Amino acid sequence: MPEIAIVLVEPLYEGNVGFAARVMKNFGFCDLVLVNPCPLGDDAIARASHARDVLDSARRCTLEEVYRDYDFVVATTGEVSKSICTPMRMPYYEPAEVREIVADIDGRVAFLFGRENWGLANTELARSNLICTIPTSEVYPILNLSHAVGIVCYELANLPRGTYLLASPVEMDSLYTHIDAFLDRIDHPDFKRENTMTLIRRVLGRTKLTAREVSTMHGLMRRAEWHMGEKKEPLNGSWGDTTTDDSC
């Protein structure tokens, strides 16, 4: 099954961290990651109850390290976009739908939960593979942090074992860099660049590309660049795909 990590980004209240550890253990999860958390003391320990081991073993790191070390990142948010023209929080998926998306991943999957007062910033959402939101009442839509963690963990419990390896974060970053450079080559308007790259990350992020698929996409762009006069054809007809067949 995928290796699931629950990542709390700058949690403000130690009680919420303790409760999050407790509900994680309720559903069989133990990989807690803390990004710049508040001081943790007796209140966190008391709220964790019999999940003290989850709390004590929590990894502390930067958000940059999360994006680097995990193969697939799901960002949770209570605020979603109302139009596809504002892609930062669109498209979004409910936890049950996310379960189906990540179920066959044989790799490390991180679920980001934002700050209690204002959640995750757009810059933090932009680098995620997928947006997840929990359907709530319009009368009072914002959940307590630990409650949100509990709902997601409930939906993810007892996932089947994954079946294939994803392209690594390094391989995906290389692809995004190549696409960005390709947009320069085709004179893509600068004022559209940020939204375009966000949409590309959203589309490719949720498709869960393999290393072979990433290599093939590099190859297609290199062939297009060559036809536009930018590249010389590589020796042996290689376009970045290490396989010998002609499929894309």
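**Exposed asparagines, a helix pair and an aromatic pair**

Student: Is Asn-36 buried or exposed?
Tutor: This is a predicted model, and the relative accessibility computed for Asn-36 is 51%. The cut-off for this class is over 50%. Asn-36 therefore counts as exposed.

Student: Where is Asn-36 found, and what is its phi?
Tutor: Asn-36 sits in the loop that runs between strand E2 (32-35) and helix H2 (42-48). Asn-36 is not a glycine, yet its phi is positive. The value is near 50°.

Student: Which loop holds Asn-158, and what is its phi?
Tutor: Asn-158 belongs to the loop between helix H7 (145-156) and helix H8 (169-185). Asn-158 is a residue other than glycine with a positive phi. That phi is about 60°.

Student: Is Asn-158 buried or exposed?
Tutor: Asn-158 has a relative accessibility of 71%. Because residues over 50% fall in this class, Asn-158 counts as exposed.

Student: What is the handedness of the crossing of H5 and H7, and which residues of H7 make the contact?
Tutor: The crossing of H5 past H7 is right-handed. On the H5 side, the contact is made by Pro-95, Ala-96, Arg-99 and Val-102. On the H7 side, the residues are Ile-151, Val-152, Glu-155 and Leu-156.

Student: How many residues in the contact of H5 with H7 are nonpolar?
Tutor: The contact has 2 charged residues and no polar ones. The nonpolar residues in the contact number 6.

Student: What is the geometry of the rings of Phe-27 and Tyr-154?
Tutor: The count of aromatic pairs comes to 1. The ring centres of Phe-27 and Tyr-154 are 5.8 Å apart, and the planes stand at 75°. Planes over 60 degrees apart meet the cut-off for this class. The pair is therefore edge-to-face.

Student: How many residues apart are Phe-27 and Tyr-154?
Tutor: Phe-27 lies in the loop between helix H1 (14-26) and E2, whereas Tyr-154 lies in helix H7. The pair links distant parts of the chain, and the separation in residues is 127.

Key. Residues numbered from 1 in each chain as written. Predicted model: local features only at pLDDT ≥ 70, side-chain atom pairs only at ≥ 80, totals over all residues. Heavy atoms only, no water. Helix = DSSP H or I, 4+ residues; strand = E, 2+ residues; numbered from the N terminus. Buried < 20%, exposed > 50% of the residue type's maximum accessible area, 1.4 Å probe, protein only. Left-handed = near helix turned anticlockwise from the far one by under 90°. Contact = heavy atoms within 4.5 Å. Nonpolar A, V, L, I, M, F, W, Y, C, P; charged D, E, K, R; others polar. Phe/Tyr/Trp six-rings, centres within 6.5 Å; stacked < 30°, edge-to-face > 60°.
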